[in-house]
Amino acid sequence: MRPIQARISAGAMAHNLRVARRLAGAARVFAVVKANAYGHGLSRARRALAAADGFAVLTLEEAANLRQMGVEQPILLLEGIFGPDEIATCAELDLWPVLHYAAHLDWLQQQPPPRPIQVFLKFDSGMHRLGLPLAEHAATVARVKSLPGVAGITLMTHFAQADEAAGVDWQLQPFLRELAGHGLPWSSANSAALLRYPDTRGAWVRPGLMLYGASPFADVTAAELGLRPAMTLQSEIIGVQTLQAGEGVGYGQLFRADRTMRVGVVACGYADGYPRHALTGTPVQVGGHTSRTLGRVSMDMLCVDLSECPEAGVGSPVVLWGEGLPVDAVATAAGTSSYELLCALAARVPVEEVD
Ligand SMILES: *Cc1c(COP(=O)(O)O)cnc(C)c1O
């Protein structure tokens with residue numbers, strides 16, 4: 001069997017949820033499990049994260065799957081509903097849609113659910129992606145309050161720079177100032193906000209990335225945040241080459257040896273989810289030593305430097321990211337984020353679930 005495998009740790013996810021819960025204080029915790037639980041598997045994540053107060057997903061299909069798996073906690077639909085026909089399903093399965101666009105209010109008015117539903121009313125506090133205009137909050141909240149199909153309202157917003165130096169205050173303060181008068185529960189925190197800004201907690205927090213053991217911050221590691229990596233992508237060396245000075249390796253011959261050196265060929269490529277943009281020098285673990293990738297990543301293979309790993313050969317274990325090598329370090333070297341790497345784990349990679 002091809003030796004690549006993703007080991008996914010239920011214990012790490014449960015641990016990271018406990019970290020989130022401690023930070024959340026009195027707030028309730030939605031475990032964000034969109035995108036197949038950031039590549040970790042929806043069903044696996046919901047078992048590992050069973051202690052969450054609720055789950056947050058994108059689509060009705062994901063939500064229905066969770067209900068079928070026996071989830072009884074609230075389920076939040078982060079992107080809302082995509083048509084008026086979805087309102088009845090929200091009532092039937094007790095799903096809480098995010099209402100972020102004026103048409104959603106019209107749909108609710110025109111096709112009220114068979115029984116009233118909980119809604120999250122999302123305001124745009126500056127990210128300018130989804131959300132109703134904050135300036136119109138008074139009329140909007142009054143209108144939603146008057147809808148017979150609405151059982152309860154939680155006010156919501158989302159931060160654009162919670163992971164950066166600019167922080168959250170430029171969005172949080174206007175949001176709280178404008179909406180305080182309504183006396184309604186609210187929700188604003190993603191992982192970065194929950195980890196750094198206790199003021200963002202409100203009634204519900206919405207951590208995603210941190211549950212999987214990655215850091216949202218460029219300058220703080222997941223380990224420093226007390227998080228454990230949930231996914232370890234590992235494989236083995238399946239070939240060894242000795243390059244002479246001046247010889248290149250791989251497509252485009254992007255890496256050329258300046259001396260005689262051993263190169264290991266690893267059974268992992270971009271079709272497995274490893275980033276093709278990872279340049280020479282991306283960290284990789286070979287037999288417990290940190291080494292580096294060489295040249296261009298191919299579809300099914302990549303090359304690693306064995307200069308400092310004299311014992312390594314065909315069959316030596318390789319960790320691409322996870323236990324012993326933070327996914328964030330690989331993401332940085334590849335010019336992307338750990339979000340993208342985790343979500344991109346390919347379906348062809350066999351998963352083994354571990355404690
Ligand atoms: C994805 C998402 C989250 C979770 O964000 P993380 O940065 O992964 O913690 C929270 N809220 C909304 C609206 C989201 O779309």
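A: Helices (H or I, at least four residues) and strands (E, at least two) are DSSP runs, numbered from the N terminus. In this structure, Ala-37 lies in helix α2, and Asn-36 has its place in α2 (residues 34-38). The model is a predicted one, in which local features need pLDDT of at least 70, side-chain atom pairs count only at pLDDT 80 or more, and totals for chains, interfaces and linings use all residues. Residues are numbered from 1 along each chain as its sequence is written, and side-chain values use heavy atoms, with hydrogens and water left out.

Q: What is the phi of Asn-36, and what is the phi of Ala-37?

A: Most residues other than glycine have a negative phi. Here, Asn-36 has a positive phi near 55°, and the phi of Ala-37 is also positive, near 55°.

Q: Is Ala-37 buried or exposed?

A: Buried means under 20% relative accessible area and exposed over 50%, with partly exposed in between (1.4 Å probe, protein chains only). Ala-37 counts as buried because its relative accessibility is 0%. Asn-36, with a relative accessible area of 42%, is partly exposed.

Q: Which residues of helix α7 are buried?

A: In α7 (residues 137-146), the buried residues are His-137, Thr-140, Val-141 and Val-144. They cover an arc of only 95° around the axis (taken from the directions from the helix axis to the C-beta atoms), so they lie on the same side of α7. Ala-139 and Ser-146, on the other side of α7, are exposed.

Q: What covers the buried residues of α7?

A: Contact means heavy atoms within 4.5 Å. The cover includes α6 (102-110), β6 (117-124), β7 (132-133), β8 (150-156) and α8 (169-179). Of these elements, β8 is itself mostly covered, with six of its seven residues buried.

Q: In which sense do β6 and β8 pair?

A: Two strands pair if DSSP finds at least two bridges between them. β6 and β8 pair in the parallel sense over six bridges, and Lys-122 stands opposite Met-156 in β8. A parallel pairing over two bridges also joins β8 to strand β9 (residues 186-187), where Ser-187 stands opposite Met-156. The chain passes from β8 through α8 to β9 in a right-handed β-α-β crossover. A crossover is right-handed if, with the strands pointing away from the viewer, the path from the first strand over the helix to the second runs clockwise.
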